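Let's take a walk through this structure together. Please have the coordinates open in your viewer as you read.

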Amino acid sequence: MSRTIPAQRRLPAAAPLPQRRISSSLRLKRILRAWQLYVLLTPALIYIIVFKYWPMYGVQIAFKNYNPAKGFMDSPWVGLTHFIRFVNSYQFGQVVGNTLWIAVLGLLVAFPIPIILALLVNQLQSERFKKFTQTVLYSPAFISTVVVVGIMFVVLSPRSGLVNNAIQLAGGEPIFFMGSAEWFRPIYVISDVWQNAGFSMIVYLAALAGIDPALHDAAKVDGASKLQRVRHIDLPGIMPVITVLFILAIGSLLNVGFEKALLMQTPLNLSNSEIIQTYVYHAGLQQAQFSYSAAIGLFNSVLNLALLLFFNTVARRANQATLW
Amino acid sequence: MSLKTSTINIDTPGRTVGPVRPRPKLRDRYGDRVFNITATAILLLSILAVVYPLYFIVIASVSDPNAIYEGKVWLFPSGVTLEGYQRIFADSRIWNGLGNTLLYTVLGTAISVSTILCGAYALSRKDMPGRKFLMLLFVITMFFDGGLITKYLVVRDLGMLNTIWAVVLPGAVGVWNLIIARSFFEHTIPNELREAAQMDGATDFKFFFKMVLPLSKPLIMLMIMIHVVAQWNSFFDALIFLNDDTKYPLQLVLRNILIQSDVSSSGTTGGDIQSYAAAQRIAELTKYAMIVVSSLPLMIALPFMQKHFTKGAMIGAVK
């Protein structure tokens, strides 16, 4: 309030202005008074304008024939040509199918496991074991995707890999995991769980820590077993967090794991490992078909957004139904 | 149910002081024991599943490659050799990549953290006109973005291709991190404090730098760690934006050696098969050692970082 007045000459408390009469000059005054806040915000704002909104503006090239010399704006319009070409291309079914496969499989397997782990860890008696489990389970999250895929290649190697040594010890034939299309999805999902389940667990543990212990005590008095308490106290207690994270997971359903899929690709597993985004990368950046691949990227984004909006509506309806 | 337990309460002897703890029914106690055993078993198995592959990599990195090929390495290293590590330390690509990564990590983290802290603080101030609209501008980008191709074209139009800026700028501000920082400020900086400071003539700048930042050390630590880990581990921006391999960060160098060579080297046969196989085995050994060396720094820092990350998860959950 008295920011512009030196401390010595501070006025006695000024009468508050009546709230009703917010004139435009007062509004301007408020904006001017906050100028330093806008300055603080400026770098972040410039960032999203340049690296988020400018590319968004450039998405129009999906409907144009992008010409580097002419830029986003002046390239000639071609309508839906690129979308039609993509839908009619022989890769369309394969690429979209692969994307949905690993997305849905990932959601079904990788989403519930952290919840189960958190519920179990939360019930552990020993604080030290609890902490130890937490640390160990989430340590792989700090290993880079490159190294995780590197680990896959060495551990699953057909000649010297750990897994194939075990298979041979058991009398089986070695399997060329990274070079076979049908193994791509299982390896992808298992490695996802291996790397990220522990880290995702932390959020649920934080939510579980917020559950009122009195509920557990009351249930104990009523003779509820541990399993019953987990099912009827812990699980409902973290349900809001689960819902939010589920919607967020849906929201990035078609975007996650792109880097890993790209790294895991070998010429031999391409029929299952080429997903929409790796296809965009290959067609766009390696073959310089900018407009065509931008159209495919846009297709992916719109599909993703539609899924998010759909599930958000579903969740809202469901919540309203179960609110009491 | 409650009637029964209250009977037990009365019957429980020797408990006159403190909260009365009913003795659970025998059936439930048995059930709880089964639950405890199952839970512990599942968690122990999970720990094993996480640790064993990593442990194997470590012992394999110092084992005789022939022993690995013959499947003799399971629990202990066999025929200890440090050749894999020697090769790494002699490999200039690794050192160069490490140097680049350090540079990108320091610069990228500094840019990201300072931008996020300043921006998030401004957005946390409820008295900033237009706050809701500005926040919306950020949130929109979480749900819709222009995609890989247009991002690439923008970076190219900015003339940043093959420069350090292409690695540190395009991903500098994660909106999720901005939200975490904003809710931290909202929850930990009381309005009264700001009003008092303003009474004493502190400007927004002064208040932010002299009061807010010193009070936000846990947040600053968290943000620094998030970005250090992310930069250290990232490879994709470097892959698409850099084409000069002397500028490659460590992860991209690793990718080229660990993953790419696995596919391409199977086609190149030079010299006799014997020496080729030997070279192949040494290459495998180097890979194990490389995985260890590149992951070690973060693994060592992990116990120190854990506290902050757990806190961060809670701030995120509060949101």
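Predicted model: local features only at pLDDT ≥ 70, side-chain atom pairs only at ≥ 80, totals over all residues.

Begin with chain A, whose secondary structure amounts to 16 helices and zero strands. Along the principal axes, the C-alpha atoms of chain A fill a box of roughly 90 × 75 × 45 Å.

Now look at how chain A is divided. Domain 1 covers 22–74 and domain 2 covers 89–322. Taken over C-alpha atoms, the centres of these two domains of chain A are separated by 34 Å. Where they touch, six residues of domain 1 of chain A meet five residues of domain 2 of chain A. On the domain 1 side of that contact in chain A, the residues are four nonpolar, one polar and one charged.

Chain B is also split into two domains, with domain 1 spanning 2–61 and domain 2 spanning 84–318. Here the contact takes four residues from domain 1 of chain B and five residues from domain 2 of chain B. The domain 1 side in chain B has three nonpolar residues, one polar residue and no charged residues.

Next, turn to the place where the chains meet. In this interface, 93 residues of chain B are in contact with 83 residues of chain A. Which helix gives the largest share of the chain B side? That is helix α15 of chain B (residues 273–318), which supplies 16 residues. By class, the chain B side comprises 58 nonpolar, 21 polar and 14 charged residues.

Two packed helices are described by the angle between their axes and the distance between the axes. For helix α5 (residues 92–124) and helix α12 (residues 217–233) of chain B, the axes come within 9 Å and cross at roughly 140°. That angle makes α5(B) oblique to α12(B), and the crossing is right-handed. Residues making the contact include Tyr104(B), Gly108(B) and Ile116(B) from α5(B), together with Met223(B), His227(B) and Trp232(B) from α12(B). Over the whole contact of α5(B) with α12(B), the residues divide into nine nonpolar, seven polar and no charged.

Conventions: Residues numbered from 1 in each chain as written. Chains lettered and ligands numbered in written order. Axes fitted to C-alpha atoms, helices over the stretch in contact; angles between N-to-C directions. Helix = DSSP H or I, 4+ residues; strand = E, 2+ residues; numbered from the N terminus. Parallel < 35°, antiparallel > 145°, perpendicular 65-115°, else oblique. Left-handed = near helix turned anticlockwise from the far one by under 90°. Contact = placed C-beta atoms within 7 Å. Nonpolar A, V, L, I, M, F, W, Y, C, P; charged D, E, K, R; others polar. Domains from an automatic or database assignment.
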